[in-house]
Amino acid sequence: MGLGGCIILIAVGAILTFATDWNMEGVNLDLVGIILMIVGLIGVTTFSSIARRRRVVMPPTAPTVIDEEGHHRRHDGYSDGYGA
């Protein structure tokens, strides 16, 4: 369930609890609304903690360059690939 589903649960629970006056036999709609709001809040906190954990970014590291040839390169115009 994503963040949108959790928000919908909270909204439906609030509507059932505060905005309706239906009476159903054997079902307490106020209690059902409160349960939906609690489940929605638990979902929002769980989703936000998971999303925060996914956003951890490691700083880029510079690659280590090892010059195996050292500084003993010839620059005579032919050994570097230019010329015939």
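User: What does the side chain of threonine 17 reach at 3.3 Å?
Analyst: The backbone nitrogen of isoleucine 34. A polar contact is a pair of N or O atoms within 3.5 Å; within protein, one must be able to donate a hydrogen and the other to accept it, and residues adjacent in sequence count only if both atoms are side-chain atoms.

User: How was this model made, and what counts?
Analyst: It is a predicted model, where local features need pLDDT of at least 70, side-chain atom pairs count only at pLDDT 80 or more, and totals for chains, interfaces and linings use all residues. Residues are numbered from 1 along each chain as its sequence is written, and side-chain values use heavy atoms, with hydrogens and water left out.

User: Back to threonine 17. How far is the backbone oxygen of aspartate 30 from a polar atom of its side chain?
Analyst: The distance is 3.4 Å.

User: Which residues does threonine 17 touch, leaving out those up to four places away in sequence?
Analyst: Asp30, Gly33, Ile34 and Met37. Contact means heavy atoms within 4.5 Å.

User: Is threonine 17 buried or exposed?
Analyst: Threonine 17 is buried, because its relative accessible area is 13%. Buried means under 20%, exposed over 50%, partly exposed in between (1.4 Å probe, protein chains only).

User: Where does threonine 17 sit?
Analyst: In helix 1, residues 3–18. Helices (H or I, at least four residues) and strands (E, at least two) are DSSP runs, numbered from the N terminus.

User: And phenylalanine 18, buried or exposed?
Analyst: Exposed, at 66% relative accessibility. Phenylalanine 18 also lies in helix 1. Its C-alpha atom is 8.4 Å from that of glycine 33, 15 residues apart along the chain.

User: What about isoleucine 7?
Analyst: Isoleucine 7 is in helix 1 too. Isoleucine 7 counts as partly exposed, because its relative accessibility is 48%.

User: New topic. How many helices and strands does the chain have?
Analyst: Two helices and zero strands.

User: How much of the chain is buried?
Analyst: Buried residues are 14% of the 84 residues.

User: And contacts with a separation of 6 or more?
Analyst: Of these, 49% join residues 24 or more positions apart.
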